[in-house]
Amino acid sequence: MKNRVLTSTAMALAMWAMPAHAQTADETQTDTTGEDATTAQPQPRGGLNEIIVTAQRREETLQDAAIPINAASGEELTRSGVADVTQLNKVAPALYVPEAGGANVGYFVRGVGNFANNGYTNPAVAFNLDGVYIGRPSSTVASFLDVNRVEVLKGPQGTLYGRNATGGAVNVIPNIPRLGVTEGSVSAQYGNYDALEFNGVVNVPLGDSAAARFAGAWTDRDGYYSDGTGAAENLALRGQVLFDLSPDIDLRLSADYSTAKGTGPGLDVDGVYTFSPFTPNATVPNWQFVPAPANVSEPFTGLFAPQTLTFIENNATAAPLYSPVTGYAYPFRDDEYWGVNAEFNADLGFADLVIIPAYRQSRLDNLFNGAPFKAGINQDMAEQFSVEGRLSGYAGPLEWLVGAYYFDENVEGVNSYNQFSTVSLQEFDTSTESSAIFARGSFSVTDDFRVVGGIRYTDENRSIDALSVAIAGVCLIQPVAGPPSCPQVPTIPVGLTLEDTISQLDPALFPAGSPLTRPSPYGTFPYGPFGMTGPQALLIVTPTQIDRTASDDQVTWRAALEYDVTPDNLLYASFETGFRAGGFNLTFGQEEYDPEYIDAYTIGAKNSFFDNRLQVNLEAFYWDYTGQQLAALGVDDRGNNSFYTRNVGESSIKGFEVDFQALVTQSTVLRGGVQYLDATFDRFVYEQVDLSDATDPPNFLTPVTGCDYTQNLTPQRTFTIDCSGKQALNAPKWTVNLGLQQTFAMRDYEIIATVDGRYRSNRIIGFNYLPTGNSGDDITLDASISLVPYDKGFTAGVFVRNLTNEAMPSLYQLGAANVASVKYEPPRTFGVRVGFQF
């Protein structure tokens, strides 16, 4: 009943819509008939403005692109408050990008994705900036600087984008220099949370055949959480130079630099799962959920609020050391990114040539707590080189494209994940070399009917040289009744390396010598004050050396039919395959994982009616997903805590999406969309080691999960966890966007007012499928009023996001001592912006 009421309420918001697309065609492309060498612009229809997209490596209007795609112009993104990828769900209902810890973000399209992308995991959604694939998309600050448009492609992109695009692709395209034009803009914005933002763009000609464009932005705001976390300070700079070398050749050079500082995302504590063996009515078998009081679980309270720390200390105990859970380290970010790339275009007469070389580097230095760790530390250096070349042209009724791609990435990292009683210390050096060749063809059987095909061959080689050191403190004090208890033994200090960690402990805690004074730092060491019968605890230091190489090669392909029923009505059907390469884990017994594969069937229609005053687009889809990779917290085969990727099984993803845009009057645009998604795991099975003692009864220390499980007693005690039949992660059944844009004409200005409404049904936002790990339904409202000159001059605007201050959970995780945490999308924000265009 609640779902029906909320859905009905959302449908009643029919006067609340997303802004209209406002990008016109001003670029050229080869004539689509292919019968001569002349060029023509993609022809937008009258009525509604249309955005030009290049998702298929050619220019075409969004209505002419026979693929599942959402796109938004830079102006629309600004009015919608989209400043990074985490907010793109506002314009692309299929995409979810939850923030994890530190610089880690997860990408999901219709349930296909990963919770985090660290130095040795791969995203399932390809992120591309200015035509360059970014292997480690941990920050997108510079990406949303002076944006021309963003394109979100839904479903596998196995031919034109290749590896790690099983869920789709996000293309962020900046504005490029304009020849013979001097123009620019400056703006300043202030909002709640003391949010400051300054932006500047300038375009200058460099003679008759060259131009430069420079853009910069600086933002700073206080944290959304009462403990100060969630704060951010970001800087982004980009410079470009365009050379028109001849009527047939041009070259564009680009460089960007950005930093991300502050605390990183914060978190709230929802409660603690405490061990309650064989307790009737337990929240999950053998585990009782102790909810945090309202003053702790209230959204945006924060981990470091005094009442939160008191609640954790009184209710949580981190096994196997069973010492007080205190001493969380306060988070920070100090990350730096830069890159250079070029785009060379040449008209060879018989074909067009495009070459895009690029080099990028990122340096991460951050400390975070979520999931609730004492501290997680990432110090990673990643660098990548890539080059892509494409040749395209026409041969009678055939439009063809061939290309080649090369990607070379190296990541060196030193990481530490401290969970009070256990610590994982990691040093790794990974290399990935991926090569691909691809081709695409569109054959016009008639003027209205086309057969489209594409194929790609990918060959990937990768290696890892890593050392993972696990430290575990084990309490030896066992009361007659109740769990072990070592209140006098300190938990393991926060350090980046073994030496950093152990050196912070008092040497008196190691009566037989610490790991740093012994010939080998590995082994079992008496630890803590001595009791009546000896040491109160043991400190166990275990190394895992991983030195491996592996490779994958795969052919992916696409076949499609396109039919122009009329010049304004397009039907299409397609089948496309995709794969995500396998990889390595720094986890004993789970050192490698296999590739995943996806097959996608799509039927769609794009329609314009009443002289393009109404656009209605429909898409029905079915995806078959096998070998599905998912990265999450778990325990390795030695029982040590670890974060690793598993091949968990397969899923079926089906549904439909409808979106519309209507020019109700010359100044009123109504827009909306509905997505229905049925994403279910057909098979979701994985193994987890049983940490109970051999003398414990069966099904004693069971997993903390909402899924079914079976205990295996031989050859070693493990649990087979079965989440088959569950709803896919970050895959709401219903998403509804509705709204209005109204323009008021003045003499020198126009006033643009927008109101946006969005409804999303319940989402599973935690890997463990705990009954507490659901988002619930939510309805949000955004509004803005902008004063825009017809030509140049003063600009101004006011905005409010999440008008009703809806608390929207985005990620639910269990951390140390089974403390359950939740991260939220931003609360209500509002502000004013002023600027000047010249």
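**Figure 1. Aromatic ring pairs in the predicted model.** In this predicted model, the count of aromatic pairs comes to 31. One example joins Phe681 and Phe684: the ring centres lie 4.5 Å apart and the planes meet at 55°, so the pair is classed as tilted.

**Figure 2. The cluster around Phe681 and Phe684.** Ring pairs connect Phe681, Phe684, Tyr686, Phe767 and Tyr769 into a cluster. Are Phe681 and Phe684 buried or exposed? Phe681 has a relative accessible area of 2% and is therefore buried, since the cut-off for a buried residue is under 20%. Phe684 is also buried, because its relative accessibility is 0%.

**Figure 3. Arginine side chains over phenylalanine rings.** Two views show a charge placed over an aromatic ring. In one, the charged end of Arg110 sits over the ring of Phe621, at 3.8 Å from the ring centre. In the other, Arg638 lies over the face of Phe588, and the distance to the ring centre is 3.7 Å.

**Figure 4. An open sheet of five strands.** The strands of this sheet follow the order β5-β11-β12-β9-β10, and their pairing is mixed. Strands β5 and β10 (132-133) stand at the edges with a single partner strand each, so one side of each has no neighbour in the sheet. Strands of a sheet pair through backbone hydrogen bonds, in either a parallel or an antiparallel sense.

Figure 5. Strand β11 covers residues 147-154. How many of the eight residues of β11 are buried? Eight of the eight are buried, so this strand is largely enclosed by the rest of the structure. On one side, strand β5 (residues 69-73) runs antiparallel to β11, and five bridges join the two. Within this pairing, Ala71 has Glu151 as its bridge partner, and Ser73 stands opposite Arg149. Strand β12 (residues 168-174) also pairs with β11 in the antiparallel sense, over seven bridges.

Conventions. Residues numbered from 1 in each chain as written. Predicted model: local features only at pLDDT ≥ 70, side-chain atom pairs only at ≥ 80, totals over all residues. Heavy atoms only, no water. Buried < 20%, exposed > 50% of the residue type's maximum accessible area, 1.4 Å probe, protein only. Helix = DSSP H or I, 4+ residues; strand = E, 2+ residues; numbered from the N terminus. Pairing = 2+ DSSP bridges. Phe/Tyr/Trp six-rings, centres within 6.5 Å; stacked < 30°, edge-to-face > 60°. Lys NZ or Arg CZ within 6 Å of the ring centre and 35° of its normal.
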